[in-house]
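Try each one yourself, then read the solution.

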Amino acid sequence: MYVYNTMTRRKEELVPMTPGVIKMYVCGPTVYNFIHIGNARPLVVFDTMRRYLEYRGYKVEFVSNFTDIDDKLIRRANEENTTVPALAEKYIKEYYTDADGLGAERAACNPRATEHIDDIIKLVQKLIDMGHAYPADNGDVYFSVRSFPGYGKLSGQSIDSLESGARIDPTEQKKDPLDFAIWKGAKPGEPSWDTPWGKGRPGWHIECSAMSMSILGESFDVHAGGQDLIFPHHENEIAQSEAATGKPFARYWLHNGYINVNNQKMSKSLGNFMLVRDISSQFDLEAVRLFLLSAQYRNPVNFSRELVEQADAALNRIRTAGERLNDAMKSPAKEATAADKPFIGQANELRKKWEEAMDDDLNTADALGVMFDYMRALNTFVTEKRGEEALKHAKSLFDDMCGVFGILQHKKADDFPEEALKLLEERTRARAEKNWARADEIREALKAMGFAVEDSKEGAKLKKL
């Protein structure tokens, strides 16, 4: 598999440090609110990458953090008259609700910054001892950017260009405008921890360095996140981590592109700031996931109702193909048919094309195109009875594609509302009693609820409209 490495600005073969194992860290949310559609893109993209690497046979040690101590959390907790830990706990639970809805697998580890305070303090002290950081009189500790010669290598910015725009806030006690806080001195009413340089709390950048290195080691394979994190967050992570260890921090840096809403940059000021929770009341989040994968992850993507509705229609086409395949597998032909062998060859060729697209820097756009070619071939193949071996072959590719894309993984009959299932049962009884008028009434009632009824030899079943 080849991935675009932001550090080198080229595609490189993904070769893990330990054969067969990929150590991967993805920057997670600051848990002071529900996640928005911008948060959802890296969540879906890098979950899909993880799934594909596992499909390819790798063991993926996938870590994604929660920032649970930060200026935003402190302000929000004060606004809601609650504590920072209580606020963080609330929105971590809400994050899991949205992440589950988007079909994201749980990380092997979701570290919280407050669980790694000792690691953070040790790292800050090490940087001070090595001359890469210094404590100020107000309890802040700053990283000395000029002490790290490689600063700017990820973002491609030079010290001179950064210096021209750097400023010092009157509340800061930096020695150099470029320096950044890795520890913040305590303020009245804020959470704080004891340190050799006084009470305080961690800065944002130091958290990810301490958490990732404590779990994955001083060097690991993949560090990923949104494009907005390249500078300053990831640049600062590299500087403080490599200054402390003298080793390369992460070998591959992956960043997804921005999300626009109705062709405008998403922002609160424009009123187009969209929370996943709000979107879930309008759309199936599996369709939102499919939409987010419809573009190659490094490209910008435009969120609009029309495009998500198109993704929802596409999802239903995939679901229908899967249902037809499952029905065909219930009563296969007793012997192989003339169409079986050609179809198996076609499926193998499509699998190869699908893998080639995914191996090319996770090109889900092209891979989805191959998947829909397969759906069309599959729909044609199962119009008649087919041999069991060919059907199993078809099912294997269908399941692999859906599994990697994270769709149709949790939808079962009992996912439908109980009221709808009871109406379906009543309709079945009405038809058995030849009460066609009542059966038609129930069909219309289910349609009003958003469900279609499909009748087959195996019985009636519901389908989302």
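**Exercise 1.** Is Arg76 buried or exposed?

*Solution.* Keep in mind that this is a predicted model. Start by finding the residue: Arg76 sits in helix α2, which covers residues 71-79. Next, look at its relative accessible area, which is 19%. The cut-off for buried is under 20%, so Arg76 counts as buried. Finally, check who it touches: leaving out residues up to four places away in sequence, Arg76 has contacts with Tyr32, Asn33, Leu87 and Tyr91.

**Exercise 2.** Work out how the span of helix α12 compares with the expected one.

*Solution.* First, count: α12 runs over residues 364-381, which gives 18 residues.

**Exercise 3.** Which helices do the buried residues of α12 pack against?

*Solution.* Begin with the buried residues themselves; among them are Leu368, Met371, Phe372, Met375 and Leu378. Then look for their partners: α1 (37-55), α9 (285-292), α10 (305-330), α11 (340-359) and α13 (388-405).

**Exercise 4.** Describe the chain as a whole.

*Solution.* Count the elements: there are 15 helices and 15 strands. Then turn to burial: 52% of the 465 residues are buried. Last, take the contacts between residues at least 6 apart in sequence: 75% of them join residues at least 24 apart.

Notes: Residues are numbered from 1 along each chain as its sequence is written. This is a predicted model: local features need pLDDT of at least 70, side-chain atom pairs count only at pLDDT 80 or more; totals for chains, interfaces and linings use all residues. Side-chain values use heavy atoms; hydrogens and water are left out. Helices (H or I, at least four residues) and strands (E, at least two) are DSSP runs, numbered from the N terminus. Buried means under 20% relative accessible area, exposed over 50%, partly exposed in between (1.4 Å probe, protein chains only). Contact means heavy atoms within 4.5 Å. The expected span of a helix is 1.5 Å times one less than its number of residues.
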